[in-house]
Amino acid sequence: AGGKTPLTMALTEVSSVLCFGGQQKVFTHESEACKCTMKFGVFLPPQAKDGPVPVLYYLSGLTCTHDNFVSKAGGQRIAAEKGIIIVCPDTSPRGVKVEGDDENWDFGTGAGFYVDATQEEWKTNYNMYSYVTAELPALIEKEFPAKAGVRSITGHSMGGHGALICALKNPAMYRSVSAFAPICHPSNCPWGQKAFSGYLGPEGPAWAEYDATELVAKYDGPPLNILIDCGKADGFYEKKQLLPEDFVTACRGAGVPVVLRMQAGYDHSYYFISTFIEDHINHHATYLNQ
């Protein structure tokens, strides 16, 4: 189940702009899970003025912040049309002064990997799994016109990994899940092995608990409604960092339906995400607006 954390302190609004008749806002708050100030983006569609609406969580990738989706993905238009709040958390704690957290782009700051760390120096702050699955949804449903319990999740790369594991570890928490170029089998790729070694310790059962390919093999819950897009010209796909075929094979073995679309010519960038974001939000709207 999702991590358990007490509800946080009040929100501080950093910015607010009108966008497709809704409001694109950014807030900070003091996080109990991460023991630091966390920032997130929230798009409130025009329908939110009239009452509670569903929520889609978007988890970003390595080196990113809340702002990558907000400024580059172009998701606000379709979210405004469908009446969906989009919440974009950060990718790690910030400013917590863990030794070595700024030495690598793919570990530490900007690279929380959506796990709850167990290793001594990381476990105080690096609890992005609890933040995303427990603290942030509780905050959103308390402070915004969000329909209680009506939520879906998506993400890109490391965030696609995050979206898949959050859904797989919490049956019925999300109505649907999608991912752009997700890290599908982190125990078996360099990015995941580096992050898991640092946050979770030597390879063992703890790794499988945050690995979508391992988790889906034992999934026993309601339909997940999974959509994955990946670019065939994605350099990280070519370098075997993403391994979506491993996940599809595991899904088939477990009898879990999944749609994987390999998109010819597309890379790992937000040009790819912005091309297919409408498909993904429409996918989630189907289940969120039932």
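1. H185 is buried, since its relative accessible area is 11%, where buried means under 20% relative accessible area, exposed over 50% and partly exposed in between, with a 1.4 Å probe and protein chains only. H185 sits in the loop between β7 (177-180) and α5 (190-200), helices (H or I, at least four residues) and strands (E, at least two) being DSSP runs numbered from the N terminus. The side chains of H185 and D246 are joined by a polar contact of 2.8 Å, a term for a pair of N or O atoms within 3.5 Å of which, within protein, one must be able to donate a hydrogen and the other to accept it, and for which residues adjacent in sequence count only if both atoms are side-chain atoms. Residues up to four places away in sequence aside, H185 touches D211, T213, E214, L242, L243 and D246, contact meaning heavy atoms within 4.5 Å.

2. The model is predicted, so local features need pLDDT of at least 70 and side-chain atom pairs count only at pLDDT 80 or more, whereas totals for chains, interfaces and linings use all residues. Residues are numbered from 1 along each chain as its sequence is written, and side-chain values use heavy atoms, with hydrogens and water left out.

3. The protein chain has a mean pLDDT of 95, and 97% of its residues reach 70 or more, pLDDT being the predictor's confidence in each residue, from 0 to 100. Over residues 4-8, however, the pLDDT is below 50, although this stretch has 16 contacts in the model beyond near neighbours in sequence. Where pLDDT is low, the predicted coordinates should not be read in detail.

4. G112, in the loop between β5 (85-89) and α3 (128-143), counts as buried because its relative accessibility is 0%. With neighbours within four places in sequence left aside, G112 is in contact with T91, S92, Y126, M128, M158 and Y199. G112 and T63 are 49 residues apart along the chain, and their C-alpha atoms are separated by 9.6 Å.

5. T63 is also among the residues that line the largest pocket, as are W105, H156, W191, F236 and H268. A pocket here is an open set of points on a 1 Å grid over the protein atoms alone, with protein on both sides within 12 Å along at least five of seven lines, and lining residues have an atom within 4 Å of a point. About 160 Å³ of space lies in this largest pocket.

Notes. 1 Å grid on protein atoms, 1.4 Å probe; cavity = no way out; pocket = protein on both sides within 12 Å on 5 of 7 lines; lining within 4 Å. Points joined across faces, edges and corners; volume = space filled by probe spheres on them.
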